[in-house]
Amino acid sequence: MKPAVARSDRNRRVVEFPHVQFKLLSLAKPTSRQKAVVDGLGKEKLIEMYRKMLEIRFFEQRAEQMYQQRKIGGFLHVYMGEEAVATGILAAIDKDDYVVTSYRDHGVALALGIPPGALMAELFGKVTGVCGGKGGSMHFYSKEKNLLGGHGIVGGQIPIGLGAAFRAKYMGTKQVSVIFFGDGAINQGVFHEAANMAALWNLPAIFVVENNLYGMGTSVSRSTAVSNMAVRAASYDMEGLQVDGMNLLETYGVMKEVVDKRRRDPCPILIEAKTYRYRGHSISDPGNYRSKEEIANYRTADPIAQVKKFLNDLGWMDDAAAKAMDKEVRQEILDAVEFAEESPDPDPAARDRHVFVP
Ligand SMILES: Cc1ncc(C[n+]2csc(CCOP(=O)(O)OP(=O)(O)O)c2C)c(N)n1
Ligand SMILES: [Mg+2]
């Protein structure tokens, strides 16, 4: 496979995705659209989004450590590297919109504002977890946040999100349904069935394919006939667009426009977020199918480091403030671990409660 290449342009770093030629837009020299996005957001909200990305990163670093210490069992698929996708996309929706995602769900849950303690406790299998300790890493849910779940079946979440979009249209609410799934899931029949229905009935379904270039161990170039997934929208007469998923201002800016339009006039869209996962598919994947150089290369476009530098350049967050925030968020995650450790196990007598048997 042709490796990705990073090279310095005059003012911006360009990272080319293999086979895609999609250019990541560095924040080093903001475009006029990025400037407009910053003006709309304002200092406080942008810093809050930066903090959210830190929270996701530190939560997962700590979760990996807890897994190694065998405090967490089962699967663990981390989102590291993809933080700007969930953070930007979900900062642009309202509280009562619907969200559904795959098993790589930590970033989405944290971006929605679910407290890290309740999520860490879920990883630990404790009764204080978001699913009472019965769901684990792949199955974060929140009725309060309209998070319709993390789902372990590849593509299984897509028709669920479609159902939520149908409800919104049928009831005449202005809600949208955000459906995250991976590049592997876009080849599942269920995506195509859902896309067809969404287009046919003009449903406010926002399909977000997180193209991190790999499925479980297979690269997109080995599994997918097209390198630009957004083009698949055309099959359903639906709008399709690509966004730099390593760039918070791009994910937020694009999503804001997309959502505003759908509140006025419900219709579906396919957004392809170009991104990269730093870790293996799951914690047990050594990732032998890609090189260290490739990973290091994508890390040069790290979504968190980009925003940090950007805030510094704006004079909105100096090194001391960044350091203080780092410390504060790390402590918040340590508190979450402590909460999880100290929480009780579920009652064995409740084993069959909440288990649906058709
Ligand atoms: C229906 C189904 N087939 C296969 C699997 C095994 N499996 C789990 S994750 C995965 C890869 C999915 O990759 P992608 O959609 O790109 O998501 P990512 O892990 O990159 O976020 C596969 C094949 C599964 N869970 N469900
Ligand atoms: Mg993938």
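**Strands, helices and a ligand**

Biologist: Which residue in β5 stands opposite Val100?

Modeller: Strands (E, at least two residues) and helices (H or I, at least four) are DSSP runs, numbered from the N terminus. In β5, the residue opposite Val100 is Ile179.

Biologist: What kind of model is this?

Modeller: Residues are numbered from 1 along each chain as its sequence is written, while chains are lettered from A and ligands numbered from 1 in the order in which they are written. Local features need pLDDT of at least 70, side-chain atom pairs count only at pLDDT 80 or more, and totals for chains, interfaces and linings use all residues; the model is predicted.

Biologist: How many bridges join β3 to β5?

Modeller: β3 covers residues 98–102 and β5 covers residues 177–182. Two strands pair if DSSP finds at least two bridges between them. β3 and β5 run parallel, and the number of bridges is 3.

Biologist: Which strands stand at the edges of the sheet?

Modeller: The open sheet has 6 strands in the order β4-β3-β5-β6-β8-β7, with parallel pairing. An edge strand has a single partner, so one of its sides lacks a neighbour in the sheet. Those strands are β4 (147–151) and β7 (239–244).

Biologist: At what angle does α8 run to β7?

Modeller: Axes are lines fitted to C-alpha atoms, for helices over the stretch in contact, and angles run from 0 to 180 degrees between N-to-C directions. Helix α8 (residues 248–264) lies across β6 (205–211), β7 and β8 (269–274). Its angle to β7 is about 155 degrees.

Biologist: How are α1 and α11 oriented to each other?

Modeller: The axes of α1 (residues 32–68) and α11 (residues 319–342) come within 9 Å and cross at roughly 45 degrees. Angles under 35 degrees count as roughly parallel, over 145 as roughly antiparallel, 65 to 115 as roughly perpendicular and the rest as oblique. Therefore α1 and α11 are oblique.

Biologist: How many charged residues are in the contact of α1 with α11?

Modeller: Residues are in contact if their C-beta atoms, placed from the backbone, lie within 7 Å. Among them are Arg51 and Phe58 of α1 and Asp326 and Ile333 of α11. Ala, Val, Leu, Ile, Met, Phe, Trp, Tyr, Cys and Pro count as nonpolar, Asp, Glu, Lys and Arg as charged, and the others, Gly among them, as polar. The contact has 8 nonpolar and no polar residues, and the charged ones number 6.

Biologist: Is the crossing of α4 and α11 left-handed or right-handed?

Modeller: α4 (residues 116–123) and α11 pack at about 45 degrees, with axes 8 Å apart. A crossing is left-handed if the near helix is turned anticlockwise from the far one by less than a right angle, and right-handed if clockwise. This one is right-handed.

Biologist: How far apart are the axes of α2 and α8?

Modeller: The contact involves residues including Val85 and Ile89 of α2 and Leu248 and Met255 of α8. By class, 7 are nonpolar, 3 polar and none charged. α2 (residues 83–91) packs at about 35 degrees to α8, and the axes are apart by 7 Å.

Biologist: Which residues come nearest to ligand 1?

Modeller: A residue is near a molecule or strand if its C-beta atom, placed from the backbone, lies within 6 Å of it. The shell around ligand 1 has 5 nonpolar, 7 polar and 3 charged residues. Of the 15 around ligand 1, the nearest are Val154, Gly182, Gly184, Ala185 and Gly215.

Terms used. Two residues are in contact if their C-beta atoms, placed from the backbone, lie within 7 Å.
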